[in-house]
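User: Hi, I have a structure open and would like to go through a few of its residues with you. Could we take them one at a time?

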Amino acid sequence: MTNFLEISYTDVLLPLALILLLGKLFSIVCKRFNLPQVLGLLVSGLLIGLIKLIPNQTLLTPGATEGISFISKIGVVLIMFEAGLETDLNKIRKTGLSSIVVTILGVVLPLFLGFLVATLFNGGFGALSDKQTLFANLFYGTILTATSVSVTVATLKEMGKLNSDVGTVISAAAIIDDIIGVVILSFIISLSGNGNSADVSYGAKWISNIFGVDASAAWITIVLILLCFIFIFAAGLLIKKIFIFLDKNFEHHRRIPIFGIATAFLYAWVCEKVFGVADITGAFFCGLILSRYKEKQYVERRSDILGYMLFTPVFFANVGISLSFDGFSTEFIGFGLCFIIAGILGKLIGCGVGAKITGFNFSDSAKIGIGMMVRAEVALITVGKGVDAGIISPNITTFVVILILLTSVLTPILIKVLYKKDAKNINILSQE
């Protein structure tokens, strides 16, 4: 890895210019075809990444790629903070049991299928006695728990169905899905003993020194995870008071979003460095805490501008630039294809069955299952965390990108087909 101190900032300028210009161009194209704009950012990264194949090229130098990767990691924190801000907990109350059941089955089944596929291709069940293999297989399953319903929401909104029972359940289930997914991710990274911390977290060192035990002991990790969530919500009470004060005295002032973003960075640092929990956990829950206050939309808009202008395009482009096909074996390709199938079926069946159990008819249950199978930024962030922690193979990123492209294209088509079929059946019944 290139030493970041050895990187000249000028190495990064031209790649950044290409990322922003191509990213915007392809985002506009995707928008015109009713596809998520993140696909355009991914495609721009893939195209820029092809430059690496040119002999003696001087654009994507080791310094440039390291600088882009550094910026993208800040982008991850901002994206998860915005995801928390966008969370509307009121939707969960409106849908009640339906969204909870849909989410639970839509998390458990993909997690199980992803774990099963990884286990079958990674030494079988006998290999699970090895801690590293066990957590790697669990992490592959965790990747598939993520949902991104932006494509579904856009499709339902276009058809005037966003506020229907189907649209409301999908929106609410996606919110719970994000929360559960982040918690599972935190537990697996922490318990695996890897994490971003090549050095042990401060909390583990303190407990280790006090009790004279190994800092990597499993019980220390569990205690730190629990203390981390206590910190998140206890600090949230103080943030609430500060935010209410800012609301009253500085309405729509720049210092409010600055305070929000600074708090997100602080939460991310404390979770990662003090408790050994993934930094995105702190950023997400910080956004979730601030999502309940009056100035939430103002903070969200300002942080979105900050991310949209630089960090978010760099994050998605970096995924494309980082893709490598080195070390792909026939067996890994087979695993990747089965992984994609597990990802699609896990959400389709899990969420669909959950909807059917809670009283939806077959057609609406299918719409909910299809609507929940889309993946995007959270899946990519989860993969990135697993790769950075050394838990999973970086080659899986290629298949996750394929899963994102595939579900983003299929979902709006299938939902529109089902609604047209329903309309046709209604017309036939009315004529009779």
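**A serine, some salt bridges and a patch**

Analyst: Let us start with Ser303, which lies in helix H13, the helix covering residues 296-322. Please keep in mind throughout that this is a predicted model.

User: Okay, is Ser303 buried or exposed?

Analyst: Ser303 counts as buried, because its relative accessibility is 0%, and the cut-off for buried is under 20% relative accessible area.

User: And which residues does Ser303 touch?

Analyst: Leaving aside residues up to four places away in sequence, Ser303 touches Phe81, Glu82, Leu85 and Ile261.

User: New topic: how many salt bridges are there in the whole structure?

Analyst: A search of the whole structure finds four salt bridges. As background, side chains of opposite charge can pair when their charged atoms come close. One of the salt bridges joins the side chains of Asp388 and Lys73, with a distance of 4.0 Å from N to O. Asp388 belongs to helix H16 (residues 377-388) and Lys73 to helix H3 (residues 62-85), so this pair ties together parts that are 315 residues apart in sequence.

User: How accessible are Asp388 and Lys73?

Analyst: Asp388 counts as partly exposed because its relative accessibility is 38%, and Lys73 is also partly exposed, with a relative accessible area of 39%.

User: Which residue does Asp279 pair with?

Analyst: Asp279 forms a salt bridge with Lys385, and their closest N and O atoms are 2.5 Å apart. Since Asp279 lies in helix H12 (residues 279-290) and Lys385 in helix H16, the pair ties together parts that are 106 residues apart in sequence. Asp279 counts as buried at 14% relative accessibility, and Lys385 counts as buried at 9%.

User: What about Lys367 and Asp364, where do they lie?

Analyst: Both Lys367 and Asp364 lie in helix H15 (residues 362-371), where they are three residues apart, about one turn of the helix. Their side chains meet in a salt bridge, at 3.0 Å from N to O, and Lys367 is buried, with a relative accessible area of 2%.

User: Switching to the surface, which residues gather in a patch of positive charge?

Analyst: The patch of positive charge on the surface is formed by Arg93, Lys240, Lys241 and Arg292. Among them, Lys241 is found in helix H10, which covers residues 218-249.

User: Why does Lys241 count as exposed?

Analyst: Lys241 counts as exposed because its relative accessibility is 63%, and the cut-off for exposed is over 50%.

How values were computed
Residues numbered from 1 in each chain as written. Predicted model: local features only at pLDDT ≥ 70, side-chain atom pairs only at ≥ 80, totals over all residues. Heavy atoms only, no water. Patch = residues over 30% accessible without salt bridge, like charges linked within 9 Å, V, L, I, M, F, W, Y side chains within 5 Å. Areas by Shrake-Rupley, 256 points an atom, 1.4 Å probe, with all protein chains shown as cover. Lys, Arg positive; Asp, Glu negative; His and termini not counted. Charge placed at Lys NZ, Arg CZ, Asp CG, Glu CD. Helix = DSSP H or I, 4+ residues; strand = E, 2+ residues; numbered from the N terminus. Buried < 20%, exposed > 50% of the residue type's maximum accessible area, 1.4 Å probe, protein only. Contact = heavy atoms within 4.5 Å.
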